[in-house]
Amino acid sequence: MNPAPAAAVPRLHPKARLQRDEVRGRDVLLYPEGLVTLNPTGAEILGLCDGVRSVADIVAALEQRYGASGLVQDVMSFLDGLGAKGLVIYGR
Amino acid sequence: MDAKPLWLLAELTYKCPLQCPYCSNPLDFAGSRFKHELTTEEWSRVFREAQALGVLQLGLSGGEPLLRPDLESLVATAQQLGLYTSLITSAHRLTQDRLAALKRAGLDHVQISVQAADAELSDRIAGTRAYRDKLAAYHFAKELGFPLTVNVVLHRENLHQVEALIRLAESLGAERIELANTQFYGWAFHNRDALMPTKAQLDAAWQVVLRERARLGSRLEIVWVLPDYHEQFPKPCMGGWGRAYMTVTPAGEVWPCQAAGGITTLTFENVRDRSLEWIWHQSDAFNRFRGEAWMPEPCRSCARRTVDFGGCRCQAFLVAGDAALTDPVCSLAPHRHVIDAAVTQVERAAAARVEPTALTYRAAPASRALAAKG
Ligand code: SF4
Ligand code: SF4
């Protein structure tokens, strides 16, 4: 799969659900017969995947939130990893 | 090690309108051990206790879970707890209204079995006219926006249809198809000689899977559950005994896997007597094969013991007569010759075109007759 361009709009595939795992104190992505454990940044990125924001918007929001820059590579490789599993899709 | 469970399989009832001869339910499913089904209240408590223990994934299965009139309310409870809930069903008599009600209650995912790619063979294997309802239900599930898994158990009679089954799942818009080669426990063990495919059949089907995976990519996930009698090493059953998984049976017994109840040398606790937490952490049945201390040779000194955990305890019990032995499908196991003999017998019979023995269908009278025989 090719990496998505910065203008693409990512969202969770409807089969996947973001869930707080209270018992283990972390966030997870649940889907049919599986789960992915998320670190806090990953959960935050997915929280911003609302089907409206583009990848560039998400990067900008995170960079503003943390007063950081150059997050684009991290965000893209995180989303591509989930895209390869069919958990993140693109388009409104 | 203090692992917490991630998965709970809730077998809500062993009643089922179908009669699949490979059914994973216990042979004595119709007996007194499973008769007094848990109430709605009891199941709700089980789900709460499971969530508090760390469970995130819930399978609602059976038998046929649709036969529980309180299914919608159980789904709603699971949804409130944040469990990712899958319905595992034959879809017999499933209407669009009922599936819509389950959707509203918060059901996440639907898995519908089919016995073969065409009505004639599918209904013959199911022992019931069930194919039409299944096809209708697949469409209902997609119309309602459910992620859909097509479940198929593979064996000698339907392995030649793997391509047609994948095409069926593709045309339905399913997300996944689970092609599960028959695992020989319960009814399948009883019918083993008639269900076991030849090596040539398996190889041909596997080639189809590889080709179709390449063609479909991430559009359709094709899960292939290994035919372990034909493998060199065992499967890492349940990801290890008491590590991530538990099954609660219709009358409340808690098992480390779906087949574990057949191990007569273990005593299983019941959610009516004990909390799920106690059963998971303290019970002898869950602790007996946890970790590595119980392992015999050759597992004890084998590098693969962290990969396959010595294989399946139920298979060791069924085939080698002792649940604490190395899984006999392992090529290093002292009992591998028993597996080889079963495989060879099937190959010889197929080469000589001997008709397989008749199948025993899963039904209450047969269950009671087998239980009486002991
Ligand atoms: S395998 Fe067949 S008979 Fe057994 S519970 Fe499932 S649908 Fe019913
Ligand atoms: S000897 Fe035991 S640990 Fe080693 S491969 Fe066989 S079953 Fe697995």
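User: What makes Leu35(A) the partner of Leu30(A)?

Analyst: A bridge does. In this predicted model, Leu35(A) of E4(A) is the bridge partner of Leu30(A).

User: How do you know that strand E3 (residues 26-31) of chain A and E4(A) pair?

Analyst: Count the bridges. Pairing needs at least two bridges between the strands. E3(A) and E4(A) have 5 bridges, in the antiparallel sense.

User: Which strands form the open sheet, and in what order?

Analyst: The order is E2-E3-E4 in chain A, with antiparallel pairing. Averaged over this sheet, and with direction ignored, neighbouring strands are turned by 30° against each other.

User: Why is one side of strand E2 (17-21) and of strand E4 (34-38) of chain A left without a neighbour in the sheet?

Analyst: Both stand at the edges. E2(A) and E4(A) each have a single partner strand, so one side of each lacks a neighbour in the sheet.

User: Where does helix H1 (residues 40-48) of chain A lie?

Analyst: H1(A) lies across E2, E3 and E4 of chain A. Against E4(A), H1(A) runs at about 110°. Angles of 65 to 115 degrees count as roughly perpendicular.

User: Why are H2(B) and H3(B) called roughly parallel?

Analyst: Check the angle. The axes of H2 (residues 71-80) and H3 (residues 96-105) of chain B cross at roughly 25° and come within 8 Å. Angles under 35 degrees count as roughly parallel. H2(B) and H3(B) therefore qualify. Their crossing is right-handed.

User: Which residues of H2(B) and H3(B) meet?

Analyst: From H2(B) come Leu71(B), Glu72(B), Val75(B), Ala76(B) and Gln79(B). They meet Ala101(B), Leu102(B) and Ala105(B) of H3(B). The contact divides into 6 nonpolar, 1 polar and 1 charged.

User: What surrounds ligand 1?

Analyst: Residues of chain B do, including Cys16(B), Cys20(B), Cys23(B), Gly62(B), Gly63(B), Glu64(B) and Arg362(B). The shell holds 4 nonpolar, 6 polar and 2 charged residues.

User: How many residues are in contact between chain A and chain B?

Analyst: 12 residues of chain A are in contact with 15 residues of chain B. On the side of chain A, E2 and E3 are the elements that give two or more residues. E2(A) gives the most, with 3 residues. That side of chain A divides into 6 nonpolar, 2 polar and 4 charged residues.

Technical notes. Residues are numbered from 1 along each chain as its sequence is written. Chains are lettered from A and ligands numbered from 1 in the order in which they are written. This is a predicted model: local features need pLDDT of at least 70, side-chain atom pairs count only at pLDDT 80 or more; totals for chains, interfaces and linings use all residues. Helices (H or I, at least four residues) and strands (E, at least two) are DSSP runs, numbered from the N terminus. Axes are lines fitted to C-alpha atoms, for helices over the stretch in contact, and angles run from 0 to 180 degrees between N-to-C directions. Two residues are in contact if their C-beta atoms, placed from the backbone, lie within 7 Å. A residue is near a molecule or strand if its C-beta atom, placed from the backbone, lies within 6 Å of it. Ala, Val, Leu, Ile, Met, Phe, Trp, Tyr, Cys and Pro count as nonpolar, Asp, Glu, Lys and Arg as charged, and the others, Gly among them, as polar. Angles under 35 degrees count as roughly parallel, over 145 as roughly antiparallel, 65 to 115 as roughly perpendicular and the rest as oblique. A crossing is left-handed if the near helix is turned anticlockwise from the far one by less than a right angle, and right-handed if clockwise.
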